[in-house]
Amino acid sequence: MRPTLSAVMPLYTGGALEAVSEAARGGVTIAKGRSQATVAAREVALVQRYFGLQLARNLLASADTRLTASENHLSSAQKMENAGILPHSAVLDVTVLRDAARRSRDRAAREEGLAVLALERMLGRPVEAVATPLFVNTAPLPPLAQFQAAAQANGTGQASLAKGQREVAEAGEKLARAARRPRAYGFGAYSVDPATNLPTEPDWVVGATVSYTLVSPFDRERMLAAARTRAAAAVADERAAADLVAGEVERAHAMAEGARTAFLSMDSSVAAAQENLRLQDIAFREGVGTTDRLMAAQAALATAESERAAAAYEYDVSLSALLAASGTPGQMGDYARREDRVIVDGK
């Protein structure tokens, strides 16, 4: 037995070592992209469920208000019938209105319960209360170009994933090229116990060697062509991912701005519906109004309030999607705390 220490150091590998390092860096980029995409998707899903619960509670509060008003109308109608002012058929109409309001309230309560369960399932804990109400910022959003620039500067999960795949594909092309080139190595050996050496054997030796594969079991030209094709496809995928991110930013920006303007335009509709219901209620109590008009006024107010709350929900979800698509999901809280926000609390 002759114990020795030996070392081999690559001097030239035709780019194989560099290709392996680049492939490893590409793998890290892919992992970061997947993590970033997962976090962004979870942020948007959390906003959807959180404000979905707020929307459900707004609709439940509105349904409670309508049910209370319907019960009051029914009580007034019964008193007017006893006084001989209102026919029994009108009381029946108001009863139908009250029953419809009760069914609507029960349906809203079920939707609110399902929204609570969905949020609790996502958070993994009971939901005691939700502090941030539905909100809409009255000031216009920053220009679209600002969000596009943020997406390019911050990077998104989809863009990082496509970039990492391109880096891995390009590294594979370099590795395929390296298989066609020679390789050079430096080596050295040292005898740990020179006493065990033969008289003709040195205590240490150093040198260099060059190797080149003349005949390969693989078609290196085809392997290189395939690697080039994969690299070209990865470059095209990266451009497609950039276009996809830009499209998501444009779509979310347009939806958020549309929901904001729609919400602001509904203030007059809600005010008009409230005033009309007040007038129809007075007319009904005075005996000069009809149940049809009262029912139509209640339905109009319910529709206006529901559409306003739905517009606020669409704004919040679209804003969250916009910030996620531009690589800044953490700014959602800043918009929720701005002084120009208008909240929808269902009261």
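This briefing describes selected helices, strands and single residues of the structure shown above. The model is predicted, so local features need pLDDT of at least 70 and side-chain atom pairs count only at pLDDT 80 or more, while totals for chains, interfaces and linings use all residues. Residues are numbered from 1 along each chain as its sequence is written, and side-chain values use heavy atoms, with hydrogens and water left out. Helices (H or I, at least four residues) and strands (E, at least two) are DSSP runs, numbered from the N terminus.

**The open sheet**

- Three strands form an open sheet with antiparallel pairing, in the order β1-β3-β4, where two strands count as paired if DSSP finds at least two bridges between them.
- The edges are taken by β1 and β4 (204–211), and because each has a single partner strand, one side of each is left without a neighbour in the sheet.
- From one strand to the next, the twist averages 15°.
- Strand β1 (residues 4–12) and strand β3 (residues 183–191) are joined in the antiparallel sense over eight bridges; T4 has S191 of β3 as its bridge partner, and S6 stands opposite A189 in β3.
- The number of buried residues among the nine of β1 is zero, so this strand lies largely in the open; here buried means under 20% relative accessible area, exposed over 50%, and partly exposed in between, with a 1.4 Å probe and protein chains only.

**Helix pairs**

- Helix α1 (residues 16–82) and α2 pack with their axes 7 Å apart and at an angle of about 160°, the axes being lines fitted to C-alpha atoms, for helices over the stretch in contact, and the angles running from 0 to 180 degrees between N-to-C directions.
- These two helices, α1 and α2, are therefore roughly antiparallel to each other, since angles under 35 degrees count as roughly parallel, over 145 as roughly antiparallel, 65 to 115 as roughly perpendicular and the rest as oblique.
- The axes of helix α2 (residues 88–123) and α6 come within 10 Å and cross at roughly 15°, so α2 and α6 are roughly parallel to each other.
- Where α2 meets α6, A90, D93, V94 and L97 in α2 are in contact with T291, M295 and Q298 in α6, contact meaning heavy atoms within 4.5 Å.

**The two sides of helix α3**

- In helix α3 (residues 144–154), the buried residues are F147, Q148, A150 and A151.
- They lie on the same side of α3 because they cover an arc of only 160° around the axis, an arc taken from the directions from the helix axis to the C-beta atoms.
- On the other side of α3, the residues A145, Q152 and A153 are exposed.
- The buried residues of α3 pack against α5 (220–285), α6 (291–325) and α7 (332–336).
- Just after α3 comes G155, which takes a positive phi of about 80°.

**Two single residues**

- D281 has its place in helix α5 and is buried, with a relative accessible area of 17%.
- Apart from its neighbours within four places in sequence, D281 is in contact with H73 and L294.
- Q158 has its place in helix α4 (residues 157–178) and is partly exposed, with a relative accessible area of 31%.
- Leaving aside neighbours within four places in sequence, Q158 is in contact with A241, L244, V245 and E248; the C-alpha atoms of Q158 and L244 are separated by 8.6 Å, although these residues are 86 residues apart along the chain.
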